[in-house]
Amino acid sequence: APAIRRGQRALVVDDEAAVRETTARILRRSGYRVQAVDNSADAIDLFRRAQHAADLVVLDLTMPDLDGAECLAQLRTLRPDLPVVMMSGFPEDTVRETVGEQPLQGFLQKPFTAAELRRAVREALDVPWESSSADA
């Protein structure tokens, strides 16, 4: 698998300012170019305007208006091969139940450490995956 290219673009989506800013800061320090938005609609809009707006999305499950599961579904219609790491205070099995058949490339249980975030993002970007893997 290719090594992580410096300057890969990550989009952080979380309505909680502290989480959003900390997550973005850790990723920037790790060499990613980071954009952060506080709601699903802005995230979807970015990918509507440019299908390759980011190389990866770190997405919060629980948000007002459109939650992470709905945001994930819409992002995947715009960009089926988009790697997504979901973050949540809920345990992983609950989150995977919530997103249903949609594959996730990573999961972060809140609160997470900088090392856990970096590892999840690196693995999500490194794992080639097929959007049709649900058929397997």
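Arg25 is found in helix H1, which spans residues 17–29. The structure is a predicted model. With a relative accessible area of 40%, Arg25 is partly exposed, because that class lies between the cut-offs of 20% for buried and 50% for exposed. Arg25 and Ala114 are 89 residues apart in sequence, and their C-alpha atoms are 9.7 Å apart in space.

Gln8 sits in the segment before strand S1 (9–13). Its relative accessibility is 8%, so Gln8 counts as buried, the limit being under 20%. Leaving aside residues up to four places away in sequence, Gln8 touches Gly31, Tyr32, Arg33, Asp55 and Leu125.

Five of the five residues of S3 are buried, so the strand is largely enclosed by the rest of the structure. Both faces of S3 are covered: Leu56, Val58 and Asp60 lie on one side, Val57 and Leu59 on the other. The pairings of S3 are listed below.

| Strand pair | Sense | Bridges | Residues standing opposite |
|---|---|---|---|
| S1 and S3 | parallel | four | Val12 and Val58 |
| S3 and S4 | parallel | four | Leu59 and Met86 |

S3 and S4 also belong, with helix H3, to a right-handed β-α-β unit.

**Helix H3**

H3 covers residues 68–78, and its buried residues are Gly68, Ala69, Cys71, Leu72, Leu75 and Arg76. Seen down the helix axis, these buried residues fall within an arc of 155 degrees, so they line one face of H3. They pack against helix H2 (40–49), strand S3 (56–60), strand S4 (84–88) and helix H4 (92–99). At the N-terminal end, H3 is capped by Asp67, which has a side-chain oxygen 3.2 Å from the backbone nitrogen of Ala69.

**Nonpolar cores**

The largest nonpolar core has 24 residues. Those with the most contacts inside this core are Leu11, Val13, Phe47, Val57, Leu59 and Met86. S1, H2, S3, H3, S4 and H4 are the elements that give two or more residues to this core. Apart from it lies another core, of 19 residues, among them Val19, Ile26, Val34 and Val121.

Which residues does Phe47 touch, not counting residues up to four places away in sequence? They are Leu11, Ala53, Ala54, Val57, Leu75, Leu78, Arg79 and Leu82. Of these, Leu75 is also one of the buried residues of H3, and Val57 is one of the buried residues of S3.

Methods:
Residues numbered from 1 in each chain as written. Predicted model: local features only at pLDDT ≥ 70, side-chain atom pairs only at ≥ 80, totals over all residues. Heavy atoms only, no water. Buried < 20%, exposed > 50% of the residue type's maximum accessible area, 1.4 Å probe, protein only. Contact = heavy atoms within 4.5 Å. Arc of directions from axis to C-beta. Polar contact = N/O pair within 3.5 Å; in protein donor to acceptor, adjacent residues only side chain to side chain. Core = buried A, V, L, I, M, F, W, Y, C linked by side-chain atoms within 4.5 Å. Pairing = 2+ DSSP bridges. Right-handed = clockwise from strand over helix to strand, strands pointing away.
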